[in-house]
Amino acid sequence: MDFSIVQYSKFMTLLDMLLHNLRTLHMSLEDSLKWIGEVMAEIGPPHLQKNEKWNVFDIKQAKAIIDYLKISLFQHYKLYEFLFYSTREEIVIGTEQTIEVVKPSGCLFPNPLEEGISFDIYSTFIEPPTTLDTEMKGSDHEQGSEESQPEASTSDTDPLAGFTIEDVKSVLGQVTDDILIGIQNEINERLQIQEEAFNARIEKLKKA
């Protein structure tokens, strides 16, 4: 509209006052329309030749300002009200998880993670024995060997002589299945918990 510096100043002051009335005074749409009408009567065309120093806009410019305010502020007045003073629910889109850190350098393997296998299986089948346990087992094995030498000389029977290959496979298969079923059930429970958590977050985002 080729506004002058004075007209720019009046126009920006008008916008600032409208937002101030909405944000601070919680002025309704009807009150804002009445207020802008009164203000434009003061700074608009000089119909009654009063307050001439405020008459900075002609009829065309005043009409353009009204049209601009209509499509920018007044058309989206509810949105501005929600933005300025309506309470909104805080949506949590992130969570913190704590995992066990690696043991000192003296240990060959770290502790099992929360998403990994159970500690019983880890300590039984994966974790290597300590040096002290190895030495104690070694000394016990030597003592047991010395004590069992006379017995071994008298009895050389095979302890697995009464079992077939199929019996051994069956026992090993049953033990393996029990271990795998326990691990699978634990994994399924954790996956279900994570799935429910993600679904809850998605529902919150949809409602927002």
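## Asparagine 21 and its contacts

Leaving aside neighbours within four places in sequence, asparagine 21 is in contact (heavy atoms within 4.5 Å) with His26, Met27 and Trp35. The model is a predicted one, in which local features need pLDDT of at least 70, side-chain atom pairs count only at pLDDT 80 or more, and totals for chains, interfaces and linings use all residues. Residues are numbered from 1 along each chain as its sequence is written, and side-chain values use heavy atoms, with hydrogens and water left out.

Asparagine 21 belongs to helix 1; helices are DSSP runs of H or I with at least four residues, numbered from the N terminus. With a relative accessibility of 4%, asparagine 21 counts as buried. Here buried means under 20% relative accessible area, exposed over 50%, and partly exposed in between (1.4 Å probe, protein chains only).

## Helix 1

Helix 1 covers residues 5-23, and its 19 residues should span 27 Å at 1.5 Å a residue; the end C-alpha atoms are 27 Å apart, which agrees. The expected span is 1.5 Å times one less than the number of residues.

The buried residues of helix 1 are Gln7, Phe11, Leu14, Leu15, Leu18, Asn21 and Leu22. Viewed down the helix axis, these buried residues fall within an arc of 130°, so they line one face of helix 1. The arc is taken from the directions from the helix axis to the C-beta atoms.

Aspartate 2 lies in the segment before helix 1 and is exposed, with a relative accessible area of 75%. Its phi is near 55°, a positive value in a residue other than glycine.

Histidine 26 is in the loop between helix 1 and helix 2 (29-43). Phi of histidine 26 is likewise positive, near 55°, and this residue counts as partly exposed at 43% relative accessibility.

Glutamate 81, in helix 4, counts as buried at 14% relative accessibility. Apart from neighbours within four places in sequence, glutamate 81 is in contact with Leu22, Met27 and Ser86.

Isoleucine 93 lies in the loop between helix 4 (77-85) and helix 5 (119-126) and counts as exposed, at 69% relative accessibility. Isoleucine 93 and leucine 205 are 112 residues apart in sequence, while their C-alpha atoms are 8.8 Å apart in space.

## Leucine 172 in helix 7

Leucine 172 is found in helix 7 (residues 165-207). At 53% relative accessibility, leucine 172 counts as exposed.

Note on methods:
Helix = DSSP H or I, 4+ residues; strand = E, 2+ residues; numbered from the N terminus.
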